Amino acid sequence: MDFDIVDGTLSDGAPDGPIETRWDRHRFDLKLVNPANKRKYKVIMVGTGLGGGAAAASLAELGYDVLNFCIQDSPRRAHSVAAQGGINAAKNYPNDGDSVWRLFYDTVKGGDFRSRESNVYRLAQCSANIIDQCVAQGVPFAREYGGTLANRSFGGAQVSRTFYARGQTGQQLLLGAYSSLMRQVASGKVTMMPRREMLDVVLVDGHAKGIICRNLVTGELERYAADAVCLATGGYSTVYFLSTNAVNSNATAAWRAHKRGAFFANPSFMQIHPTCIPLQGSAQSKLTLMSESLRNDGRIWVPKKKADDRRPKDIPEDERDYFLERRYPSFGNLVPRDVASRAAKQICDEGFGVGPTGLAVYLDFAEAIGRLGHENVEQKYGNLFEMYREITDESPYETPMRIYPAPHYTMGGLWVDYNLQTTIPGLHALGESNFSDHGANRLGASALMQGLCDGYFVIPYTIGNYLADQTPDSVSTEDEAFDAAEANVRDSVDRLLAVKGERTPRDFHWDLGRTLWDNVGMSRNPEGIMESVGHIRKLREEFWQNVRVVGSGDTMNKALEYAGRVADYLELGELIAIDAYNRDESCGCHLRTDHQSEEGEALRRDDEFSYVSAWEYTGDLGRPRLNREKLDFENVHLAVRNYK
Amino acid sequence: MANVENRSYQLRIWRQAGPNNPGKLVDYRVDDIDPSLSFLEMLDHLNETLISKGDHPIEFESDCREGICGACGVVVDGRPHGPIPNITTCALRMREFADGATITVEPFRATAFPLVKDLVVDRSPFDRIMQKGGYCSVNTGQAPEANNLRIGKETAEMAMDSAACIGCGACVASCPNASASLFVGAKVRQLSLLPQGDVERATRALGMVDQMDEEGFGDCSNHGECEAACPKAISIGNISTLRREYVRALAKG
């Protein structure tokens, strides 16, 4: 593995000094666009999830002219909709000791000290405003009998700070943002562009000034110009083929921005979620998550005897190993996701797994039903139990769920500074598509918090700082940069159609996913990673000689859309592997088997690796340039995470 | 994972190249289907076979594949989202279909949902209805402290029952009049139950109902098919609320 390493090129742009006042001081220092001038500026927002939808609505409310794109038929379908468990906020309503500082501390520690303190502190500060905003929109959060908001606990925390709306919190928060967005569409401040896929960013004099989209109904390539561009296009877990993400979730917008100059940070930081329904069959298209909130009341166990094929209820209590409670007595079943996933993998690798494949552990509600009663358990988890039953044909009221970890969320993403601006001036990245807040592991109920924080409370301030220096409406789609970008996209679409090979895009994707899961999944070692890099290079070469895409480019053609995404996964996959190889330590989700304790816990190497790996595209996929952003921990002192 | 219990099916699927082309049901056979697969995974499997043969795959919509995004939705054997009540198409499993069964698959049909291609229809009228008042007018930053507003647990739960709508359009596809009353009623009821929605209660009911009419959806005549087809089991009681809210709004002038 051979690449150049550069230090000192990246600055997060956050002010120094006391962390509590950094955001306040920064906001004061940001340039403003005066209210009368805002309408002269046009902003492109790609994506309509919690980041994009919230941002598009908020920017329009401020007076900016917003063009909002999504690949679905409606902005309400963005994948934020599928988040189940909840959203964290440092409200301290339960009076159990929460504070902005504690949420900040838990998030930095939960991320295993690989996130940026300034960003995380701001996130914790804004968290309370998010709940206020969502309630004002009519989001029907769960309530106590007295009418106040209810909270529950979640992994990685010892306070109850999670707000929820049954098991559909993401849906309700998204519909809140979507309703604000629809209001702005009605007011004429947002122009909604559904069924468009962004296939390139257009740079004029080095600044992002537009995008090229494919109209997914007509197949036409379309040009859009603006004064700034924001990507809120989600994560890239689908690179693993089987993940909990939606089947249309993809990496294309972020990847193409990367190839135009946006650095890609920590691509190998991939969250493997512990509670997913295990693989049922080989033709399966995706894996389904069961909310982490289930770990509040469900107890995770395996039989003490290997390959015990008795029915779970026939296994007596003293022949069960509640391995999380045993190993982590103070956090028990509520350890962070990376710890829970790894423990489940270890115990299954040792031969204690259950179910037909041996790749599953039990999540048991018998004790909770006994303690709380059937009705209360149903009220808390009814829809999740029903979803499990639909998929597996088994009722969790009667027999324990079987669960196994699956790719779920990407902490890595486009590198952004404190203003959420990428390394391309004018190009911003929000929500899961950026890398900024979760380090090497994201705590549960923090994705919704981050998406909405970026969309409602960060970008509305920070984008003004960029726009204030720009002359509005200075670029038109007639610019030759648009000609070149459109030609580039047209060429890639035509190439896909021209190969006329034998293997389907899905087959390539499955193959890529398998090598990444085996070698750059829950545990990693240098030899396996290298093997994966070799395999991915071969696959990519074969793809361009042997992929089969039928139909034409001038109509709706989902197979063609998908082929383009797979082509990008085959490039991104290699960068993920290179990043995992370079990070010669374990941290959070990134467990290198050559850096673990005897008990299998991750061993960080802070002296060498307290940095963000921001990869720069050089034109040679096999030789990206590594820009290191040093991370300083002035407020949360570096320590070995201990959940015992 | 070849399995002795795998099944074969005879499929009859609606193919139509575009809104202005003629459409027809086309026969396909699928073999070796694991009964634990979802209906959409079965269609994925068929599409892989079609691509291998050089045929155009069938266009259909889906995204989250866990019953919450509302993107999927086809008519299976005459019923939106298939024979099992109150689930989405993506949640429908092949074990519900006997080995050798013939299954007919068609798009959601309604004047207001023009066909795009094969099984894909245009449901953008729902967004336009939402634009006519399906919100509380509060700008980012204007919200008061959340717990200043106390809302009874039962009220919050009832609002949530209505808010659970995923906007899939099965209510429209199942209704003999192709009415969107359940969709509109669910949003109107959610916001009429909550104090946040009170300020714009009248304009919301009028605006959303008028837009529903303008989009070409029919009227509700109490068939009740919508409730049976709704993947979130949203009660037809929401339509009663809608009527009350509409009349109340008219009376207010």
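This is a predicted model: local features need pLDDT of at least 70, side-chain atom pairs count only at pLDDT 80 or more; totals for chains, interfaces and linings use all residues.
How many of the nine residues of strand β8 (residues 207-215) of chain A are buried? Seven are buried, so β8(A) is largely enclosed by the rest of the structure.

Residues are numbered from 1 along each chain as its sequence is written, while chains are lettered from A and ligands numbered from 1 in the order in which they are written.

**View 1. Strand β8(A) pairs with β7(A) and with β9(A).** Helices (H or I, at least four residues) and strands (E, at least two) are DSSP runs, numbered from the N terminus; two strands pair if DSSP finds at least two bridges between them. Strand β7 (residues 196-204) of chain A runs antiparallel to β8(A) and is joined to it by eight bridges. A:Leu203 has A:Ala208 of β8(A) as its bridge partner. Two residues lie between β7(A) and β8(A) in their hairpin, and A:Asp205 in the turn has a positive phi of about 50 degrees. Five bridges link β8(A) to strand β9 (residues 221-225) of chain A, also in the antiparallel sense. A:Cys213 stands opposite A:Glu222 of β9(A). The hairpin of β8(A) and β9(A) has five residues between the strands, with A:Gly219 at a positive phi near 85 degrees.

**View 2. An open sheet of five strands in chain A.** The order is β1-β20-β19-β11-β17 and the pairing is mixed. Strand β11 (residues 264-265) of chain A is antiparallel to β17(A), with two bridges between them. A:Ala265 has A:Gly413 as its bridge partner in β17(A).

**View 3. Surroundings of B:Gly197.** This residue lies in the loop between α5 and α6 (201-214) of chain B. B:Gly197 is buried, because 22 other C-beta atoms lie within 10 Å; a residue is buried if 20 or more do so, exposed if 12 or fewer, and partly exposed in between, with C-beta atoms placed from the backbone. Not counting residues up to four places away in sequence, B:Gly197 touches A:Gly138, B:Cys136, B:Leu191 and B:Ser192.

**View 4. The side of chain B that touches chain A.** Here 67 residues of chain B are in contact with 64 residues of chain A, contact meaning that the C-beta atoms of two residues, placed from the backbone, lie within 7 Å. Elements giving two or more residues to this side of chain B include α1 (39-53) and α5 (181-193) of chain B. With six residues, α1(B) gives the most. By class, this side has 29 nonpolar, 20 polar and 18 charged residues. Ala, Val, Leu, Ile, Met, Phe, Trp, Tyr, Cys and Pro count as nonpolar, Asp, Glu, Lys and Arg as charged, and the others, Gly among them, as polar.
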